Amino acid sequence: MSKIILDDAFRNHLLSSYPVKPDHLDHLLEDLGEYFSLEPKEFICRRHNELQKDGLRNKEIYNRIQNELETRLFSTPSLSIRQIRRIIYG
């Protein structure tokens, strides 16, 4: 799990700008760090499960994941639908 570390000035700015308590800000930063530290394979498998639970079919899921991968910050090249499917099912 990755935690987002803020310098004191930015942390104080957030605390004074938003109605959030320091412990809630820490929790939010932990959640954000965990969410954005996922490797592509972890993200693909997690999203596949989430979208299946929402009732989407695989064809739509693969397209949606492919589009979402393009907007996330990963150090990986674009993946084809076939590559996405192979990550999910091996």
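The structure is a predicted model, in which local features need pLDDT of at least 70, side-chain atom pairs count only at pLDDT 80 or more, and totals for chains, interfaces and linings use all residues. Residues are numbered from 1 along each chain as its sequence is written, and side-chain values use heavy atoms, with hydrogens and water left out.

**Salt bridges**

Side chains of opposite charge can pair when their charged atoms come close. Here a salt bridge is a side-chain nitrogen of Lys or Arg within 4 Å of a carboxyl oxygen of Asp or Glu. By this rule the count comes to 5 salt bridges. The table lists some of them.

| Pair | N to O distance |
|---|---|
| Arg11 and Asp26 | 2.9 Å |
| Arg46 and Glu50 | 2.9 Å |
| Arg64 and Glu60 | 3.6 Å |

Arg11 and Asp26 form a salt bridge. Arg11 lies in helix α1 (residues 8–17) and Asp26 in helix α2, so this pair ties together parts that are 15 residues apart in sequence. Helices are DSSP runs (H or I, at least four residues), numbered from the N terminus. For cover, buried means under 20% relative accessible area, exposed over 50%, and partly exposed in between, with a 1.4 Å probe and protein chains only. Arg11 counts as buried at 19% relative accessibility, whereas Asp26 counts as partly exposed at 25%.

The pair Arg46 and Glu50 lies within helix α3 (residues 40–53), with 4 residues, about one turn of the helix, between the two positions. Arg46 is partly exposed at 24% relative accessibility, and Glu50 is partly exposed at 29%. Both residues also belong to a network of salt bridges that links Arg46, Arg47, Glu50 and Glu68.

Arg64 and Glu60 are both in helix α4 (residues 58–71), again 4 residues apart, about one turn of the helix. Arg64 is partly exposed at 34% relative accessibility, and Glu60 is partly exposed at 42%.

**Nonpolar patch**

Ile4, Leu28, Leu32, Tyr35 and Phe36 make a nonpolar surface patch of about 430 Å². Patches are made of residues with over 30% relative accessible area and no salt bridge; like charges are joined within 9 Å, and nonpolar side chains (Val, Leu, Ile, Met, Phe, Trp, Tyr) within 5 Å. Accessible areas come from the Shrake-Rupley method with a 1.4 Å probe, and for residues only the protein chains shown count as cover. Tyr35 is partly exposed, with a relative accessible area of 34%.
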